[in-house]
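This report describes one protein chain for a reader who is new to structural analysis. Please keep the sequence and the structure in view while reading.

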Amino acid sequence: SELSFPPVDKVKHTNLPKRKISIPAVFQSHTHYKQVFKAALTEQLNIMLFELAQRLHHALSKVDISFYTAVKGGQSQGQGSCAPLCNHMHPAKLVMVKKEGQNKGRLFYACDAPKAEQCSFFKWIEDVNPTQTKSRPSTVLHDTKSIGTYLRSQKIAVYEECQLLVRKAFEIPTQRYSKFKKFMNTPASFDGDSKPKLYLKLSRKEHSSLYSKDDIWVVSKTLNFDPIDTFIASSAFFGPSSNNEIELLPLKGYSPSNWRSNMCVHALLVCNASGELASLRNMEEHFNPSTLPLIPYLLKMNFDSENATKRVNKRKFTPPAMSVKCSMMSGPVSSQVAMGVAEEMIQRFSLNPDQAASLIHVAQMMTCEKPKGGEEHQSFPITIIRGVFGAGKSYLLSVVVLFLVQLFESSEATEGPRATPWKLLIASSTNVAVDRVLLGLLELGFEDFIRVGSIRKITKAILPHSLHAGSGNENEQLKELLALLKEDLTPAEKIYVRKSIEQHKLGTNKTILQQVKVVGVTCAACPFPCLKALRFPVVVLDECSQMTEPASLLPIARFQCEKLILVGDPKQLPPTIQGSESVHEQGLEQTLFDRLCLMGHEPIVLRTQYRCHPALSAIANELFYSGHLIDGISQGDRAPLLEWLPTLCFYSVHGMEQIERDNSFYNMAEAHFTVKLIQSLIASGIEGADIGVITLYKSQMYKIQNLLSGVHSEAFEVKPVQVSTVDAFQGAEREIIVLSCVRTRHLGFIDSERRMNVALTRAKRHLLIVGSLPCLSRNKLWGKVIHHCRGWENGLQHANQCEQQLNDILKSYLENWEEEEQRKKKEK
């Protein structure tokens, strides 16, 4: 369970390893829990390091760098190791094509003189004849910079010939500290004790968006990254300083005696591991029985709570009134009060039976009394809500938040203040999910919350209620808000941003963060400094089936959670585990939601969907939900928006899948047809904001976006049309969804059940699938989808048959539009 960057002999002729560590349903102790998850996260990072090492050594094996190994070995440079000469008769430099197009990433030689004096010399690297024998690799590289340029052309983020700087804290040459010096109460021993800091001065400047906090760097004295002369580190801050330095925090392999200051080193930027590293730090610092009352309930179900309490008390004394057992069993109010409030809210907000059962369960969880004999399961301080697509999960959560706030206020009125005041945290892995619950609160007339996060990622309507403690100092945040005001916003969005600027100048939200009962935040923002002193006895985790357990733990452990509400749908998208696959399903992809259900917790299921036309929900009901879904709306509620548009249709397009350099697929025939379909819908009077385009590949998404903003774009209001991948569409909905399947030979991951479920359940009225009929018909799941389409009037159409109808719609619309434009010009 240690990080390592493997040498060439370990990665040569080896397949990329898969994750093997299995996460059990129950744990023996909190130490066992930490060990398992630390090992699982380290294994994942090691696979990403392995993958980069494999690509690096493979790329180096394709070229001749004997000059480098000869110089390293103390020999003189051999003959024939000079670059081609330019017209000035000087060695040319190696350059990579950066311009978009078919040659992007190719290498060529050009004149190395300053720009004004450069000659016109140009030669592709493949055309330079090597002087070595044929048995050697074909391309000879002649200097370290050329090796760097070549590796970057192979998509390896290498920084050759950097400078490693070791500084004691008092040597840090930054002006920003000077004005604070008089306020710094520095002890005399500061200089002697201060730990030296490590900086990497990069050899070239890149855009700051390329870097982030917790990037993994591999630093070496050699360009083949020999393990003896290599260490692994993470970046301490979000990007390089003004003098292009990155502060590094060593993770493995660094020993001060081996690395002197000003040493020339080479560095690889591996990946960003903020999720993994934040989770490891969180477990180390906050997953502790003396501060986290929920621990026994996260480990197993049938534990002896007396013993659990004794173990905890040995570790840290707590007065009897505050003991873990008491605080776990106690809630803000009596059972009678909680049930009374719950019944009233069920009526007021017209909750269906499943939603009502969820609220009752939360009420039971929040009461003081111990359950009577035989009702042991109710004493668990955890509520799990499993909701199907469109089941009103966000609406229910908004009602649950109002209910809990009422309980908190009632408790304060009767019991007086509590040692840890009752507060509620709404957390999720995505900004969209957090904002959706908060928007629901605003709709119900509740504004007494603070949203903590980054300015650009918060929904505009929530901005006035937000605190931007993650990004830069207050002046920078104000600049960012003012810049936002100059962008292309709707009148309503402008009002929200202006209001946010006003709040920011007054500092109101900063002041009330301590007082409010409700705070919304993403899991990634939990370590923000402004939240450091806060405690949240109740945590609500939305879309919990889409985040790994270590990510779920960030809000739970950090804020000393006592009562936990988990909401998700394990039939929808699983967590994204970057850069690695597992040999089984009990690895990091097993969520806290999954594990607690395996442990024996019974989730409350929300079965009624209020989104899709019954013909559309019928597909998901048969394929993924075993017929348990209930439709909360009728065909009449989802009448077609246009007479000629079927509710459900498969458009068979005769196209060809193609693959980009980054292994993402696209299909131009499908992209062109999709755009024609969207333009025809807009020409027929459909609002762009009512149309969504889902594709399973990023490449296809970019092709469709480019086509939409190209041909006749000025005539169609296409900007509000959302074009994105399935992952970006989770939780969203549109009146019309166009789904581009792309693949024509093999299915790839488009037959992943959970992906399909999300893609097929975003449409309210019309689902239009664009794909290859011969290819998709061969698959069992897609065959059933196509069968449903055939059962609908005009549900299966061949693109070339309906293209004439679309062309007529577009022709008529464009003629009218051009006439209108001419008329406007004459009036001017």
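A residue is called buried when its relative accessible area is under 20%, exposed when it is over 50%, and partly exposed in between, with a 1.4 Å probe and protein chains only. The model discussed here is predicted: local features need pLDDT of at least 70, side-chain atom pairs count only at pLDDT 80 or more, and totals for chains, interfaces and linings use all residues. Residues are numbered from 1 along each chain as its sequence is written, and side-chain values use heavy atoms, with hydrogens and water left out.

**The chain as a whole**

The protein chain has 828 residues, of which 51% are buried. Its secondary structure comprises 26 helices and 29 strands; these are DSSP runs numbered from the N terminus, with helices (H or I) of at least four residues and strands (E) of at least two. Contact means heavy atoms within 4.5 Å. Among the contacts between residues at least 6 apart in sequence, 76% join residues at least 24 apart.

**Two packed helices**

Two packed helices are described by the angle between their axes and the distance between the axes. The axes of helix α10 (residues 335-348) and helix α12 (residues 393-415) come within 10 Å and cross at roughly 145°. Such axes are lines fitted to C-alpha atoms, for helices over the stretch in contact, and the angles run from 0 to 180 degrees between N-to-C directions. The crossing of α10 and α12 is right-handed; this term applies if the near helix is turned clockwise from the far one by less than a right angle, and left-handed if anticlockwise. On the α10 side, the contact is made by Val-337, Ala-338, Val-341, Ala-342, Met-345 and Arg-348. Helix α12 contributes Val-399, Leu-402, Phe-403, Gln-406, Leu-407 and Ser-410. Nine of the residues in this contact are nonpolar, two are polar and one is charged. Here Ala, Val, Leu, Ile, Met, Phe, Trp, Tyr, Cys and Pro count as nonpolar, Asp, Glu, Lys and Arg as charged, and the others, Gly among them, as polar.

**Two residues with positive phi**

Most residues other than glycine have a negative phi. Ser-350 is not a glycine, yet its phi is positive, at about 50°. Ser-350 is placed in the loop between α10 and α11 (353-365), and it is exposed because its relative accessible area is 61%. Gln-560, also not a glycine, has a positive phi of about 55°. Gln-560 belongs to the loop between α17 (549-558) and β18 (563-568). Why does Gln-560 count as partly exposed? The reason is its relative accessible area of 24%.

**Residues brought together from separate parts of the sequence**

The table gives separations along the chain and between C-alpha atoms.

| Pair | Separation in sequence | C-alpha to C-alpha distance |
|---|---|---|
| Ser-261 and Leu-165 | 96 residues | 4.6 Å |
| Thr-508 and Ser-466 | 42 residues | 9.9 Å |
| Lys-571 and Phe-389 | 182 residues | 9.2 Å |

Ser-261 lies in the loop between β10 (245-252) and β11 (263-272). With a relative accessible area of 31%, Ser-261 is partly exposed. Neighbours within four places in sequence aside, Ser-261 is in contact with Leu-164, Leu-165 and Val-166.

Thr-508 is part of helix α16 (residues 508-512), and at 29% relative accessibility Thr-508 is partly exposed.

Lys-571 is located in the loop between β18 and α18 (592-599). Its relative accessibility of 31% makes Lys-571 partly exposed. Which residues are in contact with Lys-571, leaving aside its neighbours within four places in sequence? They are Arg-386, Phe-624, Tyr-625, Arg-754 and Asn-757.
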